[in-house]
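Please look over the structure shown here together with its sequence.

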Amino acid sequence: MTKKLKILIVAGDGIGPEVTGEAVRVLKSVAEMGGYDFQFREEPIGGVAIKAHGSPLPDGTLRTALDSDAVLLGAVGSNEFNALPPSQRPEAGLLKIRAALGGFANLRPSFAWPGLSGNSPLRAEIVEGADILFVRELLGGLYFGEPRQWDKQANAAWNTMRYTRDEVVRVAKVAFELASKRRKKVTSVDKANVLEVSQLWRATVTDVAQSYPGVALEHQYVDAMAMHIMNQPRSYDVVLTENLFGDILSDEAAVITGSLGMLPSATIGGKVNLYEPVHGSAPDIAGKGIANPLGAILTAAMLLRYSAGLDEEAATVEAAVKRVLDEGYRTPDLARGDQSARVLSTTEVGNKVREFLVGAAASR
Ligand code: NAD
Ligand code: IPM
Ligand code: MN
């Protein structure tokens, strides 16, 4: 059976096009080797879309996204729009496409690659074996709650952290399902010692846990959790949390892997799954050809797994990434002055991944 997949590429701003370019080349290699029919389309989003169409999410982009089997996004955001209100910035395009596609469970894995814990600035004995899967609620909380306003007259501004029970139930179920296939532990992160919305979150997650007797549930406050992740990352399996806490903690957890440029994500549960590396447009390194493409490539692997049902191919891509790292090839973010690192450009790292991917297929 020919696997057919319509994939929309929304590369966006800064390093977005640089890293998604490598991810697309990897997907094309997978399609070629397996005889799959992957159709790629490209549309603008973010700052480039504001410039070309006056909107961070043009209608054409949204229409094409809704008509796709999967959407692969690079990054949005550019300093030139910093003075604009949130609703007009490149980031608004990302929030709009997330809402329209409807995925509410953002899966963000972060782990110490076996044998490569030296990538992390943390001591090897702390990170060795760490393997955390964040389940970040993506459509609620402060990002979408109303009212929200900056009242210039009153010199005051406010946002609203709001969740309904149903919103918490559906994302909690995803976390428990995933944990039941992993190490059977969910850590739910909130601020229930201060916030009513977190009290609703905690009570709801506790209720959902009743249906999963084989999965252990623990609760942590977000401030303590920020420390525990650095001190004892091995203690966690699935970490379930609301939108903003998940945004912050998942960037922090990049330290386990060694670089923010390593982290992939997949957003599931809606009409069309959305795949995006965790990092942003990285204006400080954009255009230099040195961005780490592995987060985007691992995001493509998640796409193969969750939208194409190609588990084996996804694992082969991940194995090729591991071999690239095992052999010492790195973009500068991971090399961190290590004299023995074989420092390569974005494209060269992408090429290495494809070389090992094709090599592994040929030797099967
Ligand atoms: P960022 O993630 O872009 O960068 C943070 C740091 O990590 C920078 O030093 C950057 O160079 C480094 N980094 C990130 N990705 C890297 C990679 N692939 N390889 C090597 N180094 C990498 O966060 P920021 O600087 O706070 O934000 C920049 C812009 O990106 C802002 O406009 C922000 O809103 C936007 N942003 C977008 C997304 C997204 O589109 N999903 C995510 C986060 C931030
Ligand atoms: C992320 C980003 C986005 C978020 C921004 C750019 C809207 O930081 O994907 O982590 O906060 O969700
Ligand atoms: Mn973020």
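## The shell around ligand 1

In this predicted model, the residues that form the shell around ligand 1 divide into 10 nonpolar, 7 polar and 4 charged. In total, 21 residues surround ligand 1, and the closest of them are V76, E91, G280, A282 and D284.

Polar contacts to ligand 1 come from the backbone as well as from a side chain: a polar backbone atom of G280 is 2.7 Å from an oxygen atom of the ligand, and a backbone N or O atom of S281 lies 3.1 Å from an oxygen atom of ligand 1. From the side chain of H279, an N or O atom is 3.4 Å from a nitrogen atom of ligand 1. Ligand 1 taken alone exposes 800 Å², of which the protein buries 71%.

## The shell around ligand 2

Ligand 2 is surrounded by E91, R98, R108, R136, Y143, D247 and V278, and these shell residues divide into 2 nonpolar, no polar and 5 charged. E91 is also listed among the closest residues around ligand 1, while being part of the surroundings of ligand 2.

Which side chains make polar contacts with oxygen atoms of ligand 2? A polar side-chain atom of Y143 lies 2.6 Å from an oxygen atom of the ligand, an N or O atom in the side chain of R98 is 2.7 Å from an oxygen atom of ligand 2, and for the side chain of R136 the corresponding distance is 2.8 Å. On its own, ligand 2 has 320 Å² of accessible area, and the protein covers 79% of this.

Terms used
Residues numbered from 1 in each chain as written. Chains lettered and ligands numbered in written order. Predicted model: local features only at pLDDT ≥ 70, side-chain atom pairs only at ≥ 80, totals over all residues. Heavy atoms only, no water. Near = heavy atom within 4 Å. Polar contact = N/O pair within 3.5 Å; in protein donor to acceptor, adjacent residues only side chain to side chain. Areas by Shrake-Rupley, 256 points an atom, 1.4 Å probe, with all protein chains shown as cover. Nonpolar A, V, L, I, M, F, W, Y, C, P; charged D, E, K, R; others polar.
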